[in-house]
Amino acid sequence: MIQKDLRAVVLIELLLPLALLIFGVYHGVLQVLYRAGLIQDVSFFGIDYYQGLTAHGVINAIVLTTFFAVAFGNVVISQTLGQSVPARGAWTGCALMVVGTLVAAWPIFTGRASVLYTFYAPMKAHPLFYIGVVLLVVGSWVSFWIWIPGYLRWRKSHPEQKTPLAAVGIFTTFIIWQMCTLPVAYEVIVQLIPWSLGWTPGVNVVLSRLLFWFFGHPLVYFWLLPAYVMYYTIMPQLAGGRLYSDFYGRLVFMAFIVLSTPLGLHHQFTEPAVSSGYKALHAALTFLVAVPSLITAFTLAASLEHGARANGGTGLFAWWGKLPHFDAQRWLFPYLFMGLVIFILGGVTGIVNASYSMANLVHNTSWIPAHFHLTVAGPVFLAILGMSLYLCAGLSGKKVAAPRVALAVPYLWTLGTFTFSAGLFYGGLRGVPRRTNLGISFLDPTSNTFRPDWVTGEHVGAVGGCVMGLAVALYFYVLIRSLLAARSEQAADSFVLPEAAPYHDEDVAVVRNFRPWVVAAIIAILVAYVPPLVQVLNGEYRVTG
Amino acid sequence: MSVAQGIPDVEKKVTVAALLFAGAMLALIAYAALRLGISVPGCVTNVKPFTKGELIQVAPGRYEAHVVSKMFAFKPSPLKVPKGSVVDFYLTSADVVHGFYIDGTDVNLMAIPNAVNYAQARFDAPGKYQVICHEFCGLSHQDMVGEIEVTP
C-alpha cells in the first residue's frame with residue numbers, strides 16, 4: 001500500500017515538472033528546426049536559441065529527472081517498507097524543490113542565465129540561477145534523508161528478510177546522488193554564488209570543471225537507476241513472468257554504488273591541466289560499468305523470456321512475439337521494453353565516447369547529443385513518462401484514458417529518437433558541433449562558413465525531432481484526458497505498483513548490506529580523484545572573472 | 001519454481017563473460033594508446049599561459065602555433081603553413097571556455113582560461129581547413145570560426 005498522506009505531494013512532484021516539460025520539449029523541437037536552417041534567426045517568439053537550449057537541458061535533464069526520482073522513491077519506499085515515509089518531511093523536500101525550480105526559472109526565462117545546463121564558469125549566470133539549483137538539490141537530499149529512519153526500523157523488525165529489491169534500487173539511486181552532488185555543491189556554493197554576486201573576483205576554472213564532472217557522470221546513473229528499478233521489479237510482472245535472478249538485481253545496484261563515480265575524467269579527455277595517465281585510469285574504470293550493464297542485459301532478457309514462455313512462447317527467438325507489445329491493458333510495458341531497445345544503441349555509442357582512443361573524433365560534436373538522446377531521452381525518459389502516467393492515474397483513482405494512444409507513444413518516440421540520433425551521429429562524424437545555432441552559420445547557404453556536407457544529417461535530425469515532439473504531444477493528450485476522468489476513491493485506495501517475484505531467489509550475504517559497497521565506493525573515489533585534484537590544486541590556475 | 005540457494009552456474013558464466021568483455025575493450029584501448037600512439041591531451045606545464053596569438057616557425061616545415069581564443073575568434077587566423085608541415089598547437093582562452101576543432105584532423109581540444117592545451121597535427125593535403133569553436137561561448141558562438149590555409 002502507498003500512504004494516503006503522500007498522494008498529494010507525489011502528484012505535485014510528478015505534475016509540476018511535466019508542466020515545465022511542455023516548454024522543454026517545445027524548445028527541443030525548435031532546436032532541430034534552428035539547426036537544420038528551417039528557422040534562421042537568433043530567436044523565435046521572444047526566446048533566443050541558447051536561452052531555450054538552457055531551459056531544454058535544465059528542465060528535461062535536471063528538474064524532471066530529480067522530481068521524478070523523488071516522487072517514485074516516495075511511492076516505492078512507502079509501498080515496500082511498511083508505509084514509513086513521514087509526510088511532513090516529504091512536503092518539506094517537495095517545497096524546497098518547487099521553490100528552487102521557480103527561483104531558477106526566473107533568470108532562465110528572462111535571459112539572465114543562458115549558460116546551458118552545464119553552467120561552465122567563467123560564463124556567468126544570475127545568482128538566482130545557482131541558488132535555485134542548490135535549493136532543488138537540497139530538497140532532493142531532504143526527501144532522501146527522511147526515508148532512512150523508516151528503512152532502519154524496517155530492517156530491525158524484519159531481521160530474516162531481504163530488503164525489497166525496489167527499495168534497494170531507490171536507496172542506491174540516492175546514495176549515488178548524495179555522494180556525487182557534494183563536490184558540485186562545493187563548486188556552486190563556494191565558487192560560483194559568491195562570484196556571481198560580485199563578492200569574489202573570479203573562480204579557479206580548472207577546479208570548477210573537475211568538481212562539475214565528478215558530478216556529471218554519476219548524474220546519468222541517478223537518471224537511469226529509477227528506470228532500472230522498474231526493469232527489475234515491474235517489467236517482469238508486466239511480461240507475465242518473474243525476475244530471473246534476485247541476486248543479480250542486488251549485485252547490479254550495489255555495483256553501481258562503487259562504479260558510478262570514479263570515472264568523470266572521461267568527460268574531460270580533451271582538456272588541459274590533468275595528466276593523460278589519470279584520464280586513462282578513468283577510462284579503464286569506465287569500462288568496468290560495462291559489467292553490471294551486461295549482467296542487466298542478461299537478467300532482463302532472461303526474465304522476459306521466462307514471462308513469454310509462460311505465455312506459450314517457444315523457439316529460440318519466436319517467444320519475443322508472446323510479450324505484451326500491443327496489449328492496451330498493459331500499455332506500460334512498451335515504455336519499459338522500447339526504452340531497453342533504445343538503450344542498446346545508447347550503450348554501444350557510449351563505449352565509443354568513453355574509449356580514450358576515439359574521444360578526439362567525437363568530443364563536442366553532435367555525436368554526443370545523438371548518444372545521450374539514446375540514454376537519457378531513451379530508457380530514462382520513456383520510463384519517466386510511462387511511470388508518471390501510471391502513478392498520476394493510479395494515485396488519483398482514475399483510469400488511463402485512451403490506452404491505445406498511450407501504447408503508441410513509446411513506439412513513436414523510438415522511431416523519432418532513432419531518426420534524430422541517426423542524423424546527429426552522421427553529422428557528428430563529419431564534425432558538426434553540438435550546442436550551436438547552425439541555421440545562421442554553417443547551414444546558411446549565404447554564409448561564407450556554409451557546409452553543404454552537413455545539411456543531410458541536420459535535416460534527418462529535424463524529421464526525428466519533430467516525430468519526438470509529436471509523441472510527447474500524444475502523451476499529454478492521454479495524461480490530460482486521464483486527469484479529467486472520473487475519480488474512484490476505491491481505485492486510489494487499492495493502487496499499488498506491480499512487484500515481480502524472483503525466479504532464482506539466491507541468498508548472498510555480500511549484497512544484503514550497503515555499508516561495504518559504500519566503503520568501497522569511497523576508496524575508489526579517493527584513488528581516482530585525489531591525484532588529479534592534487535595536480536589541479538598545485539597548478540597555478542589563476543582565478544578568472 | 002526453482003528457488004536456488006547458491007548462485008546458479010549460468011550466472012557465474014555471464015559474470016565471467018561480462019568481465020572478459022570489459023577486459024577486451026581495455027586491451028584494445030591500451031593497444032591503441034601504446035602501439036598506435038592514439039592518446040588524449042595531458043597536463044602542459046612547460047608553457048606559460050600566453051596572451052598573444054602567433055605562429056612561430058621553429059624549423060623548416062615545423063611550426064608552433066600559440067592560439068588565443070576569445071569571443072568570437074581565434075588568433076592568429078588565417079594560419080598559413082605549407083603542405084607537409086607539422087604544427088604544434090598550444091591553445092588557451094582569454095575569456096570563457098571555447099572549443100577548438102580543426103575540421104578534417106584529429107585535433108579536438110578545449111580552450112580553458114589560464115591553462116594551456118596541446119595537440120600536434122600534420123597537414124599533408126593543401127586547402128583551407130575550418131577551425132570550429134564547438135563549446136558554447138556566448139550569443140555569437142555559431143560565428144566563431146577560424147581558418148588554417150595549407151599552401152601547395
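Colleague: In which loop is Ala402(A) found?

Modeller: This is a predicted model, in which local features need pLDDT of at least 70, side-chain atom pairs count only at pLDDT 80 or more, and totals for chains, interfaces and linings use all residues. Residues are numbered from 1 along each chain as its sequence is written, while chains are lettered from A and ligands numbered from 1 in the order in which they are written. Helices (H or I, at least four residues) and strands (E, at least two) are DSSP runs, numbered from the N terminus. On that basis, the loop holding Ala402(A) is the one between helix H16 (376–395) and helix H17 (403–428) of chain A.

Colleague: How many residues of H16(A) are buried?

Modeller: After H16(A) comes Gly397(A), whose phi is positive, near 65°. The helix itself is mostly covered, and the count of buried residues is 20 of its 20.

Colleague: How far apart are the end C-alpha atoms of helix H6 of chain A?

Modeller: Helix H6(A), residues 165–196, has 32 residues, and at 1.5 Å a residue it should span 46 Å. That expected span is 1.5 Å times one less than the number of residues. The separation in the model agrees, because the end C-alpha atoms are apart by 43 Å.

Colleague: At which residue does H6(A) bend?

Modeller: The bend at a residue is the angle between axes fitted to the seven residues ending there and the seven starting there. In H6(A) this angle is about 30°, and Pro183(A) follows within four residues of the bend, which is placed at Thr181(A).

Colleague: Why is H6(A) described as largely enclosed by the rest of the structure?

Modeller: Just after this helix, Gly198(A) takes a positive phi of about 85°. H6(A) itself is largely enclosed because the buried part of its 32 residues numbers 23.

Colleague: Which residues does Glu458(A) touch, leaving aside those up to four places away in sequence?

Modeller: Glu458(A) lies in helix H18 (residues 455–483) of chain A and is buried, with 27 other C-beta atoms within 10 Å. Two residues are in contact if their C-beta atoms, placed from the backbone, lie within 7 Å. The residues touched by Glu458(A) are Arg35(A), Ala36(A), Gly423(A), Gly427(A), Leu438(A) and Leu443(A).

Colleague: What is the radius of gyration of chain B?

Modeller: Chain B has one helix and 10 strands, and its C-alpha trace spans about 70 × 35 × 30 Å along the principal axes. The globule rule, 2.2 Å times the number of residues to the power 0.38, is set against a radius taken over C-alpha atoms. For 152 residues the rule gives 15 Å, and chain B is more spread out than a compact globule because its radius of gyration is well over that, at 22 Å.

Colleague: How far apart do the C-alpha centres of domain 1 and domain 2 of chain B lie?

Modeller: Chain B is divided into domain 1 (8–39) and domain 2 (54–151), with bounds from an automatic or database domain assignment. The distance between their C-alpha centres is 35 Å.

Colleague: In which loop does Pro76(B) lie?

Modeller: The peptide bond from Lys75(B) to Pro76(B) is cis, with omega near 0°. The bond from Ser77(B) to Pro78(B) is also cis, with omega near -5°, and Pro78(B) is found between E3 and E4 of chain B. Pro76(B) lies in the loop between strand E3 (73–75) and strand E4 (79–82) of chain B.

Colleague: Which element of chain B gives the largest share of the side that touches chain A?

Modeller: The contact takes 52 residues from chain B and 59 residues from chain A. Helix H1 (9–34), strand E6 (98–102), strand E7 (108–111) and strand E9 (127–132) of chain B each give two or more residues to that side. The largest share is 12 residues, and it comes from H1(B).

Note on methods. A residue is buried if 20 or more other C-beta atoms lie within 10 Å of its own, exposed if 12 or fewer, and partly exposed in between; C-beta atoms are placed from the backbone.
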